[in-house]
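Please open the structure in your viewer and keep the selection tool at hand.

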Amino acid sequence: MPANQKWTHEETVLALALYRRTPFGRISSTNPDIIKLADLMGRTPGSVAMKMCNLASCDPTLQKSGRAGLKNCSQLDRSVFKEYSADWESLALEEKQLRSELANCPIEELLRKENRIDIDNIPEGEPRESIIKERIEQDFFRSAVLTVYDSSCCVTGLSEPKLLMASHIKPWADCDAKKERLNPENGLCLNCLHGKAFERGLITVDRNYRIVISRHIKDAEMDDKTREWFMSYENRTIIPPSRSAPTKEFLEYHNDVVFQG
């Protein structure tokens, strides 16, 4: 593809989806994921990295962290960023569809090659398509949340991916599918124990980002060391994400509706 070939809407969507899954400090022409996307689109890794940095300049959550992308973003960049910041579901699903078309590969085969989602154990039949769709969305949300928290638990700092989960602040079932369900501002990266406790309302994070522990945990039977470890995090401030910090509205929903004080 010629170096000055204009970017299309579809290519910009692919770059945005990868931006959402890539820490800002790792946007470079040597990043393996950027190299793969560039190869798929017939562009250079440098051009894809530059497009991602252009999109970063549209991201107000990145600017709040004191960083910014490149300043020469196009009207297309701004338009795509705005459109899909209000429709996270479409971003996740369209990315897979576009990758499938560029690779000339059915989506299910693409998912097998990516080895990120186990689809072989999903039974054939009418619900299969909706289950695959939901798993694509869940994988996108997990990737986006772990990215902004640099793959570390925001309570303990644990950085083993196999022990981390992306917990919804406002639960999946209660979310607007477009604006809330896959929005990383509605997520916390937590270790599995704190993640399960958070999802069941046994801990919460208040609007000042401090950890609050339920009386149900305080009254539970456990050994002294476990109690000391768990309680040592009460009133501590979570480790902040690099961008897309939880909004007060999501936190207040969890405080008021999910938390069992």
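Which residue lies over the face of Y19? Select Y19 and R243 in this predicted model. R243 is the residue in question, at 4.3 Å from the ring centre of Y19.

Next, select K170 and Y253. Here K170 lies over the face of Y253, and the distance to the ring centre is 5.0 Å.

Now turn to the aromatic rings. The whole structure contains three aromatic pairs. Select W229 and F230: their ring centres are 5.7 Å apart and their planes stand at 85°, so this pair is edge-to-face. Together, W229, F230 and Y233 form one aromatic cluster.

Finally, select helix 6 (residues 88-103) and helix 8 (residues 128-148). Their axes come within 9 Å and cross at roughly 105°, which means that helix 6 is roughly perpendicular to helix 8. To see the contact, display the side chains of W88, E89, L91, A92, L93, E95 and K96 on helix 6, and those of K133, I136, E137 and F140 on helix 8. Coloured by class, this contact shows six nonpolar and five charged residues, but no polar ones.

Definitions and conventions: Residues are numbered from 1 along each chain as its sequence is written. This is a predicted model: local features need pLDDT of at least 70, side-chain atom pairs count only at pLDDT 80 or more; totals for chains, interfaces and linings use all residues. Side-chain values use heavy atoms; hydrogens and water are left out. Axes are lines fitted to C-alpha atoms, for helices over the stretch in contact, and angles run from 0 to 180 degrees between N-to-C directions. Helices (H or I, at least four residues) and strands (E, at least two) are DSSP runs, numbered from the N terminus. Angles under 35 degrees count as roughly parallel, over 145 as roughly antiparallel, 65 to 115 as roughly perpendicular and the rest as oblique. Contact means heavy atoms within 4.5 Å. Ala, Val, Leu, Ile, Met, Phe, Trp, Tyr, Cys and Pro count as nonpolar, Asp, Glu, Lys and Arg as charged, and the others, Gly among them, as polar. Rings of Phe, Tyr and Trp (its six-membered ring) pair if their centres lie within 6.5 Å; planes under 30 degrees apart count as stacked, over 60 as edge-to-face and the rest as tilted. A charge sits over a ring if NZ of Lys or CZ of Arg is within 6 Å of the ring centre and within 35 degrees of the ring normal.
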